Amino acid sequence: MDFELTEELKMLEDMAYKFAQNELGPISHECDVEEKYTPEIVKKAAENGLVGAWVPEEYGGAEAGCLGLAVITEQLSRVDMGIGLNVVAASFGSEAIYLYGSEEQKKRYLPPVCRGEMVSAGAFTEPDAGTDVAGYRTRAVKDGDDYVINGNKMFITNGTVCGFMVVQCITSPEEKRHNSFSMIIVPGDAEGVTRTKIHGKMGVRSSDTGEISFEDVRVPQENLVGQEGRGFYQLMHFFDTTRPMVAAQGLGLSQACLDVSVRYSKERSVFGAPLGNFQLTQAKLTEMAIKIEALRGLVFKAAWLIDEGRPDYTLAAMAKYLSGETAVFCANAALEIHGGYGYIEEYDVQKYYRDAKILELYEGTKEAEIMTIGRFLLSK
Ligand SMILES: Cc1cc2nc3c(=O)[nH]c(=O)nc-3n(C[C@H](O)[C@H](O)[C@H](O)COP(=O)(O)OP(=O)(O)OC[C@H]3O[C@@H](n4cnc5c(N)ncnc54)[C@H](O)[C@@H]3O)c2cc1C
C-alpha cells in the first residue's frame, strides 16, 4: 500500500498550481464579478496538457488518468474554482464518448477537445427533472438516417460555448422508463438548437451555464453514443467516473479556505494577540485540516480505483458528498475567521463561500449521493 503520489503526479500537481497562480489568479475577481468565461485560458491550459488530461494519448490527451485529473482539479480550484471548472470540464460529456462511443467517434471528438479547439458539454438535466434522471422528456425520433430531437435542457455547463454536447434523449418510449434512453451527440450550432446563457449564479460565475432548447434538430443516427436504450445505465456509470473530479473541486476550494485562514490567523490581532493564539480559532483550523485530509484520501482513492479499472460508485458518491460538506464547512469557517473582512468583496473568502454551495447541488445533489450510498448499504 502506497499513499504517495508518483513523481510524475507530483510534477503535474506543481505545474497545475503554478499555472493557476499565473493564469487564473490575476483574472479571478474580474471573471467572478463580470460572469466572464475565458476561452483563451482553456486554450492555454490545453497547450500545457491540462485539458482532457484523463484522455489516453492515442486520442490526444495527456493520459494522466482520473487521478491525474483529480490532482489538476484540486490545484486549479485552490486558486479559482469557476475558471478551474472551465478547464477541467472543457471535456465534460466527452467521458461518455470515451466510455461508450465508437472508435470513429473517439478519434473525431476527443482530440480537438484536448487541443483546446472546442469544449464539450453533457446535457442531461431538464427544466422539470434533475435528480430524477429517468424523468427526462427530450425525445429523439428516427427519420430516415437521422434522429430528430425535440425538448429542453437546463443548467448545462458550457451550454452556450460548446462545440458539441452529449444529449440524453428518449428513443424508445415503448420500453420501461430506464430502458427508454439513449445518448446522442449534437453539434452546438446545429439548426434548431437555441442556447441561452443563464446569468446571476451565486457562485462559479465565470463558468458558462446554459439553457438549451431543441426544435426539430436533425442529426445522423451515427451520432448515437453506445447502445440505443442503454442511455440511463450509461449515464449512471458516467457519473461514477466524473464524480471524483467534481469532488476534487471541493478539495481545492477547502484547501484555499484553510490557507487563507492560517495566514489571517497569524496577521490579525485581537485582544492584543494574534487571532491564531486563541483556542477557538485553532479548533476551527484543526477541524478544517482534518476534514480536508480525510477528503483528499477519499477523492484520490475513488479516482485511483477508476484508473485501476475497478470504479467504485459508492466511494465516488461518498467522495462527492464529503467534498460538498467539507467545502461548505471550510468556507463558512474561513469567513468567520475573517470576521467582517470576510464579508466584503476585497477578500476572496466571500467568493469561496458562494462557490462552495454548488458542490452540494451539481453532479448529483447531496441527497442524491445519500440515496446512492444508502441503497448500496441496504443491498448487502
Ligand atoms: C451551475 C450548475 C451547473 C450545472 N451543470 C450541469 C451540466 O453540465 N449538465 C447537466 O445535465 N446538469 C447540470 N446541472 C444541473 C444539476 O445537476 C441539477 O440542478 C441537480 O442534479 C439537481 O436537479 P434539480 O435542480 O432539478 O433539482 P430537483 O431534482 O428538483 O431537486 C430539488 C431538491 O429535492 C431533492 N430531492 C430530489 N429527489 C429526492 C428524493 N427522492 N428524496 C429526497 N429529496 C429529493 C434534491 O436533492 C434537491 O434538494 C448544473 C446545475 C448548476 C446549478
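A: A crossing of two helices is called left-handed if the near helix is turned anticlockwise from the far one by less than a right angle, and right-handed if it is turned clockwise. By that rule α5 passes α8 in a right-handed crossing. The model is a predicted one, in which local features need pLDDT of at least 70 and side-chain atom pairs count only at pLDDT 80 or more, while totals for chains, interfaces and linings use all residues. Residues are numbered from 1 along each chain as its sequence is written.

α8 covers residues 231-267, and its axis comes within 11 Å of that of α5, with a crossing of roughly 150° (axes are lines fitted to C-alpha atoms, for helices over the stretch in contact, and angles run from 0 to 180 degrees between N-to-C directions). That makes α5 roughly antiparallel to α8 (under 35 degrees is roughly parallel, over 145 roughly antiparallel, 65 to 115 roughly perpendicular, the rest oblique). On the α5 side the contact is made by Met81, Gly84, Leu85 and Val88, and on the α8 side by Met245, Gln249, Gly252 and Leu253 (contact means C-beta atoms, placed from the backbone, within 7 Å). Five of the residues in this contact are nonpolar, three are polar and none is charged (Ala, Val, Leu, Ile, Met, Phe, Trp, Tyr, Cys and Pro count as nonpolar, Asp, Glu, Lys and Arg as charged, and the others, Gly among them, as polar).

α5, residues 81-88, also packs with α3, residues 39-47: their axes come within 9 Å and cross at roughly 60°. That makes α3 oblique to α5. This crossing is right-handed. Ile41, Val42 and Ala45 of α3 meet Ile83, Asn86 and Val87 of α5. By class, five residues of the contact between α3 and α5 are nonpolar, one is polar and none is charged.

The chain is split into domain 1 (7-114), domain 2 (120-228) and domain 3 (233-379), with bounds that come from an automatic or database domain assignment. The C-alpha centres of domain 1 and domain 3 lie 20 Å apart, and 21 residues of domain 1 are in contact with 22 residues of domain 3. On the domain 1 side, α4 (65-79), α5 and α6 (94-100) each supply at least two residues. α4 gives the largest share of that side, 11 residues. By class, the domain 1 side has 11 nonpolar, six polar and four charged residues.

A further helix pair is α9 (residues 279-307) with α10 (residues 313-338), whose axes are 9 Å apart at an angle of about 155°. α9 and α10 are therefore roughly antiparallel to each other. Their crossing is left-handed. Residues in this contact include Met288, Ile292, Leu295 and Leu298 of α9, and Leu315, Leu322, Phe329 and Cys330 of α10. The contact of α9 with α10 has 16 nonpolar, three polar and four charged residues.

Terms used:
Helices (H or I, at least four residues) and strands (E, at least two) are DSSP runs, numbered from the N terminus. Two residues are in contact if their C-beta atoms, placed from the backbone, lie within 7 Å.
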